[in-house]
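Here's a quick tour of a protein–RNA model, with the cut-offs spelled out as we go. Have the viewer open while you read.

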Amino acid sequence: MSKPSGKSMDEIVALCRRRGFIFQSSEIYGGINGFWDYGPLGTELKRNLKNAWWEDVVLREMVGPDGKTIEMVGLDSTIIMHPKVWEASGHVAGFNDPMVGCKTEGCKRLFRADKVFMVDLGLDPSGKHVDVGVEADSKAKAEELAIGIAKRFKIRHDANPNPIAFSVLEEFAEIPTDMQRFPCPNCQHRTLTPPRPFNLMFESHSGPIQSDDNKVYLRPETAQGIFVNFLNVVNTTRVGVPFGIAQQGKAFRNEVTPRNFTFRSREFEQMEIEFFIHPSTAKEWYAFWRDNRFAWWQSVGLTSANLQLREHEKDELAHYAKEGAGTSDIEYRFPFTAPGFGELEGVAHRSDYDLRQHAEHSGLRDKMKYFDQERNEKYFPHVIEPSAGADRGTLALICEAYTPDPSRPSGVYMKFHPRMAPVKAAVFPLVNKEGMPEVAEKLYRELRKKWVVDYDPKQSIGKRYARMDEAGTPYCLTIDGQTLKDNTVTVRYRDTLQQERIGIDRVGEFLGQKIGSAQV
RNA sequence: GCGGGUGUAGCUCAGUGGUAGAGCGUCACGUUGCCAACGUGAAAGUCGACGGUUCAAAUCCGUUCACCCGCUCCA
């Protein structure tokens, strides 16, 4: 694999384990595929990212494209909701896509059953019926493609064929043995498995008795919790369109192949905004959030060319976004995706799809519409959704921070933005005697009232600096012989290895300046 | 779900049927005193798991789990 970033994912994973950023879940039992735990340093890092998001999105004053202060409120909805939520959102149908696989050696492809068609091409010159397998979005499309496929596989067919497509799902799902008649769209061998359900939502049961009557789902996205609370928020706060609801929380998806460390986990955490707007303002708000969110990721330390903003092509757009102002991804070039990129956050104009769906399925219908005093108009607001992955973001911070440096004892250091660094500063007595530990401990106790700081009196000073380099601690404060005479300490900078002396009474002020939250 | 690879101490690895090892890290004591210093010592291993072959298995066989790579999937 090419590594334009010059960073090895294996080494990053090893450091994460060694220093306590990320462990495999249930490791002593052999681990469990797709689940990861955060160790002491990783927990602080992820918390810093989530807190920065909350501060910058919900708490901090921000001016929108209309020149007014943005209204944003928080929400904390449950992971398990009424199952109808997921019928309304389309997840029950979407997540139950049956799949068919091809058993032929060398093919072994997997297809969504609803996209697999058998197309009848009439009689070949010897009078035999000819069918080809086609993968397409619709019957019409399959009929269009069929002759080209027959040509590619040199399958002889009727001189004037009238292609007729049959859907695997509709025609064959009930009688699995009939699948033997079905050619594989990839290799044309009649070796497809019967359709098997692929349920991407986690299921459970609410109540002690398991039955279909009390089946529930673990949410596959936090967004629906916001949509179903739309009316509650409008009715209980003084917010009015345009306004946003922000939520952080766990979501669950039975990914087919969890892979790439924490990048594709089955349990993961989202940071989502649903920003409700008048449909006529979609363009401005979409552009605003897209640019704002891209700038935010840069502000927390993803400053290199490894971060990019990518506008979606028309054919990638989700069903609810086809006619909208657009969708874009904020992407990071991880060592395991390089030279490609992996998604950190998607910013999508979801139109009024979700609110309409819930209005329909809940029976509330027009009662779910929003009444806009200013416009004297009742409507379903449109939504701009910036939806970010907290675990993916944390992983990007780790990959970005990882900086090999053979010239220093640790061989590597974690160059976190000070605002993101799990440990902000470490306090060392140069020598663990002669009154230095007492002074150092006093400083440590003072600083830990406000920041995550570390105190380490043991072993050589070089070893202590090296350990802090691997943890990504930006500042080390050392109490030495001179401190006892003039009340100054040395500040050692992680990135430059430079040192300077500052007054011990100025350390708090120094850290406040350096760590203070970044402006977007 | 398919194919390939890997799995021995916290980490990196050695160990091809016969008493489980090294370096680094960790901890303690001493020494040193601004970049993983030195000395002494200590803790630390179900050899991924289960089963089989064998007098004897980290080693051979089977199954399984996890991770990595390539497909596939990612509404």
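How many residues surround RNA strand B, and which are the closest?

## Around the RNA

There are 44 residues surrounding RNA strand B, and the closest are R17, H91, R264, V431 and R467; a residue counts here if one of its heavy atoms lies within 4 Å of the strand. Of the RNA atoms that come within 4 Å of the protein, sugar and phosphate make up 46%. This is a predicted model, where local features need pLDDT of at least 70 and side-chain atom pairs count only at pLDDT 80 or more, while totals for chains, interfaces and linings use all residues. Residues are numbered from 1 along each chain as its sequence is written, chains are lettered from A and ligands numbered from 1 in the order in which they are written, and side-chain values use heavy atoms, leaving out hydrogens and water.

Split by class, the surface near RNA strand B has 16 polar, 15 charged and 13 nonpolar residues. Here Ala, Val, Leu, Ile, Met, Phe, Trp, Tyr, Cys and Pro are nonpolar, Asp, Glu, Lys and Arg are charged, and the others, Gly among them, are polar. The top contributor is α13, with 8 residues; helices (H or I, at least four residues) and strands (E, at least two) are DSSP runs numbered from the N terminus.

## Atom-level contacts with the RNA

For S460, a polar side-chain atom sits 2.6 Å from a phosphate oxygen of RNA strand B. Bases are involved too: a base nitrogen is 3.0 Å from a polar backbone atom of L497, and a base nitrogen is 3.3 Å from a side-chain N or O atom of R253.

## The nonpolar cores

The largest nonpolar core has 58 residues, and F21, M72, F275, W289, W297, F334 and I398 touch the most other members. Such a core is a set of buried Ala, Val, Leu, Ile, Met, Phe, Trp, Tyr and Cys residues joined through side-chain atoms within 4.5 Å. Buried means under 20% relative accessible area, exposed over 50%, and partly exposed in between (1.4 Å probe, protein chains only).

Helix α9 (residues 282–299) gives the most to this core, at 8 residues. A separate second core of 21 residues includes A425, A440, Y444 and V453.

## A look at E343

E343 belongs to strand β16 (residues 342–351), and is partly exposed because its relative accessibility is 32%. Its C-alpha atom is 6.2 Å from that of D329, 14 residues apart along the chain. The side chain of E343 also reaches the backbone nitrogen of G346 at 3.4 Å.

Definitions and conventions: Polar contact = N/O pair within 3.5 Å; in protein donor to acceptor, adjacent residues only side chain to side chain.
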